[in-house]
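Trainee: Could we go through this model together before I set anything up? I'd like to start with the strands.

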Amino acid sequence: MNVMFNKRDPVYVQVIRYFKEQIATGMFESGQEIPSRRELANRLKINPNTAQRAYKEMEEAGLIYTERNLPSKITKDEAILKSVRQELIMEAVDDFVSSIRSINVPVDEVLDLVKETFENEDDK
Amino acid sequence: MIEVNDIKKKFGRKQVLNGVSFTAEKGKITCIIGINGVGKTTIMNAIMNLTPLNGGQILMNGESIGKQSYEQITFIPDAIIMQPNMTIAESMQFMTDFYDSWNQERATELLDFFKLQESEKINNLSKGNRAKVNLLLGLALDVDYLLMDEPFSGIDIFSREQIAEVFTSHLVEDRGVIITTHEINDIEHLIDKAVLLDEGKVLTEFNSEEVRETEGKSVVDVMREVYQQ
């Protein structure tokens, strides 16, 4: 587990984002056990209260769940898991669109370039 | 909770603390930041009741601190104060003899965590390892609050990382931690609260996660604003 944190976004938000990425890429699977709050803080070298906050928010959003004294787990709710992937894709697209808009390029030209770059990346 | 209320301290004609106030809670890491010579260590000494004040007061859980504060607070100075020809084992024995609150189990765990050999002499240790022994001796006491004076200063990056790891582990548990530092960069993500000090006064006191959330600023951003005004 290795996360590069930036210094200006709340750390708990960055932790949640990390979890979402792991879910979207299938690194964290439905129903999988996740580290305890203390373990997470320790591994990421973040404040334990921040890890606690991240877990609380994720629990409220239904991303993870905790049954009594057992370790917390990734949700088994397929709809939520699917929406995480969707959310990350849309975020990336929005970011991309807003930065490309400022350069004033026609959308078709951009799409061709995107495809080209994508294919080149795959070859690597 | 430790409440520092408007404390003042003079050394000769020099007003080192000129009305310093802040609070530190259990289960949180409070970081006192300031460039050297702004009275950080004096504040620590005052909390430990080691230096008489010229004004103000310090409360722990609502009561004025006194001699018994030793039983609930530990001060870890910026350099180890054991005799250099002692071994680690001997300095641990020294702590056992002097403090009822010594927790051997935690001490052993810390030794293991820091990969230190009990038989080594303090003299022969690297600077980083000496800092770890220093920390170990304080952390192994069962107290509610840990005061650490510049725990990250002057040691190598790997030792710093290891020490940072201790802060997030069960070895600190839900105790209250107050650390002083003049170098915040490494530990921004570790602390709950920052208290910025200058010329014997608290310039500002804030929750670091909150400042990131509401203003999109890092601790260093706030420092830049406050100190360069």
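Trainee: In what sense do β7(B) and β8(B) pair, and over how many bridges?

Mentor: Keeping in mind that this is a predicted model, strand β7 of chain B, residues 145–149, pairs with strand β8 of chain B, residues 176–181, in the parallel sense, and the pairing runs over five bridges.

Trainee: Which residue is the bridge partner of B:L146 in β8(B)?

Mentor: That is B:V177.

Trainee: And what is the strand order of the open sheet of six strands?

Mentor: In chain B the order is β6-β7-β8-β3-β9-β10, and the pairing across this open sheet is mixed. The edges are formed by β6(B), residues 73–76, and β10(B), residues 201–207, each of which pairs on one side only. From one strand to the next, the twist averages 15°.

Trainee: Which strands does α8(B) lie across?

Mentor: Helix α8 of chain B, residues 219–227, lies across β3(B), β9(B) and β10(B), and runs at about 25° to β9(B). Helix α7(B), for its part, lies across β9(B) and β10(B), where its direction is at about 70° to β10(B).

Trainee: Switching to helix packing, at what angle do α5(B) and α6(B) pack?

Mentor: The angle is about 15°, and the axes of α5(B), which covers residues 127–139, and α6(B) are 10 Å apart. Angles under 35 degrees count as roughly parallel, so the two helices, α5(B) and α6(B), are roughly parallel to each other.

Trainee: Is the crossing left-handed or right-handed?

Mentor: Where α5(B) passes α6(B), the crossing is right-handed. On the α5(B) side the contact is made by B:G128, B:A131, B:K132 and B:L135, while α6(B) brings in B:S159, B:I163 and B:V166. Sorted by class, that contact has four nonpolar, two polar and one charged residues.

Trainee: New topic, the two chains: how many residues of each are in contact?

Mentor: On chain B there are 19 residues in contact with 16 residues of chain A. Two helices of chain B, α6 at 157–167 and α7 at 208–215, each supply at least two residues of the side that touches chain A.

Trainee: Which element gives the largest share of that side of chain B?

Mentor: The largest share comes from α7(B), with three residues, and this is the helix that also lies across β9(B) and β10(B).

Trainee: And what is on that side of chain B by class?

Mentor: The side of chain B that touches chain A has eight charged, six polar and five nonpolar residues.

Technical notes: Residues are numbered from 1 along each chain as its sequence is written. Chains are lettered from A and ligands numbered from 1 in the order in which they are written. This is a predicted model: local features need pLDDT of at least 70, side-chain atom pairs count only at pLDDT 80 or more; totals for chains, interfaces and linings use all residues. Two residues are in contact if their C-beta atoms, placed from the backbone, lie within 7 Å. Helices (H or I, at least four residues) and strands (E, at least two) are DSSP runs, numbered from the N terminus. Ala, Val, Leu, Ile, Met, Phe, Trp, Tyr, Cys and Pro count as nonpolar, Asp, Glu, Lys and Arg as charged, and the others, Gly among them, as polar. Axes are lines fitted to C-alpha atoms, for helices over the stretch in contact, and angles run from 0 to 180 degrees between N-to-C directions. Angles under 35 degrees count as roughly parallel, over 145 as roughly antiparallel, 65 to 115 as roughly perpendicular and the rest as oblique. A crossing is left-handed if the near helix is turned anticlockwise from the far one by less than a right angle, and right-handed if clockwise. Two strands pair if DSSP finds at least two bridges between them.
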